[in-house]
Amino acid sequence: MSKKAFVKSYGCQMNVYDSERMADALAGSGYAKSSDAEDADVIVLNTCHIREKATEKIYSELGRYKSLKAANPDLRIVVAGCVAQAEGEEIVRRQPMVDVVVGPQAYHRLPNLIARSTEDGRQVDTDFPAESKFDKLPRGPVAKRTSPTAFLTVQEGCDKFCTFCVVPYTRGAESSRPVAGVRDEAERLVARGVCEITLLGQNVNAYHGVGPDGGEWPLARLMAELAKIDGLKRIRYTTSHPNDMTDDLIEAHGTCAKLMPYLHLPVQSGSDKILKRMNRRYSASEYLRTVERIRAARPDILLSSDFIVGFPEESDSDFEATMDIVREVGFSQAYSFRYSARPGTPASERPQIDSDVSAERLQRLQELLKSQQRLAQDAMVGRNLSVLFERSGRRSGQLAGKSEYLHAVHAECGTDMMGKICRVRIARSEPNSLTGELVRVQGT
Ligand code: SAH
Ligand code: SF4
Ligand code: F3S
């Protein structure tokens with residue numbers, strides 16, 4: 001009987017991508033993928049450190065595995081990801097049953113670390129090795145994909161050092177994968193049934209990978225190259241920093257037909273004072289100007305964003321400025337968080353905001369964002385959208401997928417439409433999804 005590995009992912013989409021790569025690497029060492037921790041021989045938690053709650057969640061999850069480890073001392077427990085990078089040895093001190101701690105840049109060493117932990121005891125590897133994990137990990141998926149959509153990491157790390165954020169410390173310096181490796185992986189994904197690829201990076205639009213001509217290629221040029229792949233129908237990218245929305249990238253939104261009309265562009269705050277203290281390096285009006293340029297290139301584009309409320313020294317009027325920028329832009333989606341002080345970051349040393357005050361601000365902001373989200377969704381009723389079906393729908397006989405604007409759409413249709421892009425006429429808007437009727441099949 002073959003051994004089994006259970007990999008659980010927390011945090012951002014880059015962790016989802018990394019989890020798949022780790023599962024592929026473990027498959028190469030004889031571990032079949034398992035969706036059940038109870039009967040696994042290896043449990044990998046791919047962790048997130050972005051807010052305090054995310055980190056604490058890992059320790060309570062580990063607590064739940066105590067009885068599994070007691071019943072089976074051969075079980076290997078691995079902590080990977082950003083908590084592993086940030087806390088290293090501390091994890092083993094708090095949870096002695098952890099066998100391996102491995103940081104995000106050392107995943108190619110995972111099978112080896114697991115093997116060594118059986119002979120030599122606990123292993124902690126939080127290096128930023130000179131070799132790239134992308135060159136050492138299996139080159140893309142080996143089996144046919146069950147989903148027609150996939151993530152592809154093209155850029156990692158961050159040099160921007162926003163004063164609230166742990167990412168520059170957990171993921172290290174910004175680096176881009178060479179164009180050839182990305183194209184090769186995209187071709188493999190398409191050959192295995194994928195038709196939509198989301199290019200990932202903590203600052204994906206800062207991409208500057210080496211091209212086949214030896215020069216540095218920006219993201220727009222990389223996307224133009226990937227758009228040449230037959231069978232690749234849709235391209236998305238996330239997450240972008242407003243300051244890296246260069247002219248060529250904005251122009252691509254108007255000229256690259258495969259680039260979907262949806263963009264996640266985190267603003268964090270609408271107050272210039274707070275933006276400065278966050279070290280975001282743009283003002284509210286500069287952000288608005290960027291949005292204007294993007295909308296000029298692609299008038300129907302929908303925007304989403306991230307917000308932090310209760311940042312140190314945020315006054316009532318700073319918060320009102322955030323409400324104002326939300327009203328001015330109009331977002332179709334948004335993620336908003338209460339500021340969480342992270343160890344080692346400059347903002348954590350500033351005077352903190354009362355938690356009741358930030359809780360109340362968050363609630364007000366979320367109500368506004370929710371109403372905008374609803375408006376953007378309701379505006380789709382009566383329109384024909386293009387939907388890529390990727391899973392079974394809520395009811396039998398239905399499939400569900402995503403529109404070009406990233407709305408979830410349900411429609412009655414046969415399972416043979418799975419993985420295909422269809423025209424759907426939208427009939428209804430419900431709280432978190434749209435429902436419509438199939439108009440015609442657009443392509444395979
Ligand atoms: N690179 C992206 C963000 C990555 S982190 C960017 O620059 O926009 C994802 C989101 O988590 C951030 O946009 C921010 O809104 C939120 N976040 C990061 N650190 C946080 C903290 N200390 N407290 C609360 N939210 C935080
Ligand atoms: Fe964090 Fe700022 Fe870098 Fe985004 S740009 S990952 S928020 S430091
Ligand atoms: Fe979390 Fe690390 Fe992603 S801190 S958001 S998993 S980069």
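1. The shell around ligand 2 holds seven nonpolar, two polar and two charged residues. Here Ala, Val, Leu, Ile, Met, Phe, Trp, Tyr, Cys and Pro count as nonpolar, Asp, Glu, Lys and Arg as charged, and the others, Gly among them, as polar. Cys158, Lys160, Phe161, Cys162, Phe164, Cys165, Val167, Pro168, Asn203, His241 and Arg280 surround the ligand (near: a heavy atom within 4 Å).

2. This is a predicted model: local features need pLDDT of at least 70, side-chain atom pairs count only at pLDDT 80 or more, and totals for chains, interfaces and linings use all residues. Residues are numbered from 1 along each chain as its sequence is written, chains are lettered from A and ligands numbered from 1 in the order written, and side-chain values use heavy atoms, without hydrogens and water.

3. The second largest pocket has a volume of about 560 Å³. Its lining has 28 residues, and Ser132, Lys133, Phe134, Asp135 and Arg177 are the closest to the centre. A pocket is an open set of points on a 1 Å grid over the protein atoms alone, where a 1.4 Å probe fits, with protein on both sides within 12 Å along at least five of seven lines; lining residues have an atom within 4 Å of a point. The volume is the space filled by probe spheres set on the points, which are joined across faces, edges and corners.

4. That pocket's lining divides into ten nonpolar, eight polar and ten charged residues. Domain 1 (3-125) and domain 2 (141-260) each give at least three residues to the lining; the bounds come from an automatic or database domain assignment.
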